[in-house]
Amino acid sequence: MPRSSRLLIAVLVVSAFVMILNETIMSVALPTLMVDLAIDAGTAQWLTTGFLLTMAIVIPTTGFLFQRFTLRQVFFAAMTLFSVGTVLAASAPGFPLLLTGRVVQAGGTAIMLPLLMTTVLRLVPADRRGRMMGVISIVIAVAPAVGPTISGVILSALDWRWMFWLVLPIALLAFAIGSRLVENATAASTVAPFDAVSVVLSALAFGGIVYGLGSLGHAAEGTAVPVWIPLGVGVVALIVFVLRQIARQDSGRALLDLRPLRTPTFSIGLGMLSISMMALFGALILLPMYLQNVRGLDTLTTGLMLLPGGLIMGGLAPVVGRVFDRVGPRPLVVPGAVVVSAALWSMTILTADTALPVVVAIHSLLSVGLALIMTPLMTSSLGSVPPQLYSHGSAIFNTVQQLAGAAGTALFVTVMSTAAASRLAGGVGDVAAQQSGIHTAFLCGGAVSLLAVGASFFIRTPAPTPA
């Protein structure tokens, strides 16, 4: 692979990592922001929910964007949006401008990750894609995992605005280097027609589902809008959106071409990755609750305890990619699915007296399993898609990841809240009720993980396609 292509991918990887980091960096900061900006928890949560909603709405349009515009144009749009959003958030005097900055940031982030995947598929030969996808899996899995740790460290010494000021120079440096390196290595392939109806349907479908799932875990607390309304609107809009894309895709007029789903390797891999992302985001939300509410740890200590798992996942990802290039997906995916399932079942034994090194070990075991799964699934699934559909395959992949993350969070939190409320009603104390709820949620996660174990035996090595 030419040196210019390697440098180009490196710039895209750094840019995507910084952007995805912002997806979870606010989670630890919400209590601080509630005090500083004089807002309640429901309002503060929109800083994360708004980011996820924007991602879910923009990502499905990226298949169209990559066909309509050149790589250079799309890169400039993504970096401009993210940089402007970061400045707005860092200089925000109050909540409205901070939320605006987060939404603008998310617009750039939603474009960058599918752009990175599509570029790798087009520029990297098939026999070297595993190691490159290993690097990308660092962006997808490690950046969200270390986000809370980084924000905890920053907040322990600095004002919350420094979470954005410290990111800005990195983003601007990547922007400057990219402006020199990014050429039109992937040119616009067709003058695709703009389908405004599909854009509206996409926003209603994916935005409604993500918002509804995100609100599901807090439904018991009472929400301004009943959860079933956004979920119902989202599901109906999704059905209409899918039917419209199927009717338009054979003529090349679809906003999101769904033909990659006809490939069994792509569909099975996508399903397995969805379960893995549910496990990752479910653990990311429940383990901090366990460590803080049951064990009484502060946010900084909680973030540091989750750091080893993120580092392990990041260290293993390139190694797994190289092994994949030699042996294919199944020898990695099958044991990876078993390890993820074992880790989730192990989390069901956590109690108020469990030694903290055991908690770190179990989380690290989960990270090992996810590292064995992520890279092979991404590489084999996207590599099975015909080259002319790479951009749409990447868009589908990243859209489903967002939905799976939201679904995992909703599933774990809803089960935990319901079980804890039931125990409280039975006269159990707060800590014991929280512990019982978390135990039940991890039981549910362990049961779901068994589906991934079964599906892992159906993963195949994709047929060779030209780079």
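D257 forms a salt bridge with R259, and the closest N and O atoms of the pair are 2.6 Å apart. A salt bridge here is a side-chain nitrogen of Lys or Arg within 4 Å of a carboxyl oxygen of Asp or Glu. The structure is a predicted model, in which local features need pLDDT of at least 70 and side-chain atom pairs count only at pLDDT 80 or more, while totals for chains, interfaces and linings use all residues. Residues are numbered from 1 along each chain as its sequence is written, and side-chain values use heavy atoms, with hydrogens and water left out.

- D257 counts as buried, at 4% relative accessibility; buried means under 20% relative accessible area, exposed means over 50%, and partly exposed lies in between (1.4 Å probe, protein chains only).
- R259 is partly exposed, with a relative accessible area of 26%.
- The side chain of R259 also meets that of D250 in a salt bridge (3.9 Å, N to O).
- D250 is exposed, its relative accessible area being 58%.

**Salt bridges around R161**

- The structure holds six salt bridges, and one of them joins the side chains of D36 and R161 (3.9 Å, N to O).
- Because D36 lies in helix α2 (residues 30-36) and R161 in the loop between α8 (129-155) and α9 (162-165), the pair ties together parts that are 125 residues apart in sequence.
- Helices are DSSP runs (H or I, at least four residues), as strands are (E, at least two), and they are numbered from the N terminus.
- D36 is partly exposed, with a relative accessible area of 42%.
- D36, D159 and R161 are linked in a network of salt bridges.

**The nonpolar surface patch**

- V200, L204, W228, I229 and V233 make a nonpolar surface patch of about 490 Å².
- Patches are made of residues with over 30% relative accessible area and no salt bridge; nonpolar side chains (Val, Leu, Ile, Met, Phe, Trp, Tyr) are joined within 5 Å, and like charges within 9 Å.
- Accessible areas come from the Shrake-Rupley method with a 1.4 Å probe, and for residues only the protein chains shown count as cover.
- Helices α11 (196-216) and α12 (228-249) each supply at least two residues of the patch.
- The largest share, three residues, comes from α12.
- I229 is found in helix α12, and I229 is partly exposed, with a relative accessible area of 33%.
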